[in-house]
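Please read it with the model open.

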Amino acid sequence: MPEAGCVLVATEVLDDDSIFERTVILLLRLGSRGTFDGPFGVILNRPLYTKIKNVNPSFQDQATPFGDSPLFFGGPVDMSMFLVRASDNSRLKGFEEVIPGIRFGFRTDLEKAAVLMKSGAIKSQDLRFFVGHAAWDYEQLLSEIRAGYWAVASCSTELISDALTGDPSCLWTEILQLMGGHYSELSQKPKEDNQ
């Protein structure tokens, strides 16, 4: 069963899906049945190879601490988000904890993050910015897991933290190899180019 802080690892069923093929999604919140508050998370391993200031021209003119931060594709749902990594969680009030040392915020929380940076509580490398996010209806996600679209895995804080500070392009392969068995074999499967 999925839970907040786990990762959803795309299986071969999603190999032809242009958005989710070979992705790793950190599930930020599970939500609940019967509400509009369903599960959501961010794709960890889809760098956009650009910086915030190149996408949002208003950041070029403002004295913002985020302009040179790299952007990642978080998913197809419009609301952008960011993850914050910190060893001292007591300084990160106002952000929801996903796993120890990792919290998240929405685009509307950028001002709080800027204040934390200016005070020295966090550094620019402690932040990872995502354009969009992935979201489901509660039953939809469970149905996709049962259909084999996603493998649900628990990961260490260190593995997630490393993915947030380094190059996450090998994260899909790394997690599948750690899972072993059929998943390890899947990680070795070459990517097919079906153009």
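1. Basis. This is a predicted model, in which local features need pLDDT of at least 70, side-chain atom pairs count only at pLDDT 80 or more, and totals for chains, interfaces and linings use all residues. Residues are numbered from 1 along each chain as its sequence is written, and side-chain values use heavy atoms, with hydrogens and water left out.

2. The sheet. Helices (H or I, at least four residues) and strands (E, at least two) are DSSP runs, numbered from the N terminus. An open sheet is built from 5 strands, ordered β10-β3-β2-β1-β11, with antiparallel pairing. Its edge strands are β10 (134-135) and β11, each pairing on one side only. Two strands pair if DSSP finds at least two bridges between them. Between the antiparallel strands β1 and β11 there are 4 bridges. In one of them, Ala 10 has Trp 150 of β11 as its partner.

3. Helix α4. This helix spans residues 138-146, and its buried residues are Tyr 138, Leu 141, Leu 142 and Glu 144. Buried means under 20% relative accessible area, exposed over 50%, and partly exposed in between (1.4 Å probe, protein chains only). These α4 residues lie on the same side of the helix, because they cover an arc of only 160 degrees around the axis. The arc is that of the directions from the helix axis to the C-beta atoms.

4. How α4 sits on the sheet. What covers its buried residues? The cover includes β1 (7-10), β2 (24-29) and β11 (150-153). Contact here means heavy atoms within 4.5 Å. The helix α4 lies across these strands and runs at about 100 degrees to β11. Axes are lines fitted to C-alpha atoms, for helices over the stretch in contact, and angles run from 0 to 180 degrees between N-to-C directions.

5. The ends of α4. At the start, a side-chain oxygen of Asp 137 comes to within 3.2 Å of the backbone nitrogen of Glu 139. After the helix comes Gly 148, with a positive phi near 90 degrees.

6. Helix α3. Leu 110, Ala 113, Ala 114, Leu 116 and Met 117 are buried. They share one side of α3, since their arc around the axis is only 160 degrees. Exposed on the other side are Glu 111, Val 115, Lys 118 and Ser 119. Just after α3, Gly 120 has a positive phi of about 90 degrees.

7. Ala 121. This residue is in the loop between α3 (110-119) and β9 (127-131). Is Ala 121 buried or exposed? With 11% relative accessibility, Ala 121 is buried. Its C-alpha atom is 9.9 Å from that of Ser 87, 34 residues away along the chain.

8. Salt bridges. The structure has 6 of them. A salt bridge is a side-chain nitrogen of Lys or Arg within 4 Å of a carboxyl oxygen of Asp or Glu. Lys 189 and Asp 15 form one, with their closest N and O atoms 3.0 Å apart. That pair links distant parts of the chain: Lys 189 follows α7 (181-188), while Asp 15 is in the loop between β1 and β2, 174 residues apart. Lys 189 is partly exposed at 30%, whereas Asp 15 is buried at 14%.

9. Arg 85 and Asp 126 meet in a salt bridge of 3.0 Å, N to O. Arg 85 is in strand β6 (residues 81-85) and Asp 126 in the loop between α3 and β9, 41 residues apart.

Notes. Polar contact = N/O pair within 3.5 Å; in protein donor to acceptor, adjacent residues only side chain to side chain.
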